[in-house]
Amino acid sequence: MKTTTTVIHRLPITRARVNLGQLARRAHVNKEYFILEKDGFPVVGIMDADEMEAYLEMRDPAIRRQIQKSNADILVGRTRPAEVLLSELRRKPTTRKPSGKRR
């Protein structure tokens, strides 16, 4: 199994301003984090947009409830692997009725 290491860099805002494009690329491509400081105090962070969206979704109580319900289903065995579902769907014949209209 591959282990990932979280890389967090701290740097002054003035230095980040000069290298903003590079920081954005590294956050997106390498999944690095940057804490920008003003007078030595942390002010703001930079992270990949997809990860930020996932973080914000996790703060939504409705989404947290869905995840909890899903985890409960897994614990009691009300789930099955996706491969099983896909193989069942592939075996079932389609029951579409011809619409009678052709273009």
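Author: K38 stands opposite F41 in β3. This pair belongs to the contact between β2 and β3, which run antiparallel and pair over five bridges. Two strands count as paired if DSSP finds at least two bridges between them. Strands are DSSP runs of E with at least two residues; helices are runs of H or I with at least four, and both are numbered from the N terminus. The model is predicted: local features need pLDDT of at least 70, side-chain atom pairs count only at pLDDT 80 or more, and totals for chains, interfaces and linings use all residues. Residues are numbered from 1 along each chain as its sequence is written, and side-chain values use heavy atoms, with hydrogens and water left out.

Look at the turn next. β2 and β3 form a hairpin with two residues between them. D39 sits in that turn, in the loop between β2 and β3 (41-46). Its phi is positive, about 55 degrees, although D39 is not a glycine. D39 counts as exposed, at 68% relative accessibility. The cut-offs are these: buried is under 20% relative accessible area, exposed is over 50%, and partly exposed lies in between, with a 1.4 Å probe and protein chains only.

Now the other end of β2. K31 lies in the loop between α2 (20-29) and β2 (33-38). K31 also has a positive phi, near 60 degrees, and is not a glycine. K31 is partly exposed, with a relative accessible area of 41%.

E32 forms a salt bridge with R26; the closest N and O atoms are 2.8 Å apart. Here a salt bridge is a side-chain nitrogen of Lys or Arg within 4 Å of a carboxyl oxygen of Asp or Glu. At 9% relative accessibility, E32 counts as buried.

E37 is buried, at 17% relative accessibility.

A further closeness across the sequence involves H9. This residue is in strand β1. H9 and F34 are 25 residues apart in sequence, yet their C-alpha atoms are 4.8 Å apart in space. H9 is partly exposed, with 25% relative accessible area.

Step back to the whole chain. It holds five helices and three strands. Read along the sequence, the pattern is β-α-α-β-β-α-α-α. Of the 103 residues in the chain, 11% are buried.

What follows the hairpin? Start with the surface of α3 (49-58). D50, E53, E57 and D60 form a negative surface patch. Patches are made of residues with over 30% relative accessible area and no salt bridge; like charges are joined within 9 Å, and nonpolar side chains (Val, Leu, Ile, Met, Phe, Trp, Tyr) within 5 Å. Asp and Glu count as negative, Lys and Arg as positive; His and the chain ends are not counted. Each charge is placed at NZ of Lys, CZ of Arg, CG of Asp or CD of Glu. D60 lies in the loop between α3 and α4 (61-75). D60 is partly exposed, with a relative accessible area of 33%.

A nonpolar patch of about 290 Å² is made by M52, Y55 and L56. Areas come from the Shrake-Rupley method with a 1.4 Å probe; for residues, only the protein chains shown count as cover. L56 lies in helix α3. L56 is partly exposed, at 45% relative accessible area.

K69 forms a salt bridge with D73, with the closest N and O atoms 3.3 Å apart. The two residues are four apart in helix α4, which means that about one helical turn separates them. K69 is exposed, at 54% relative accessibility, whereas D73 is buried, at 15%. Salt bridges that share partners join K69, D73 and R78 into one network. The structure holds six salt bridges.
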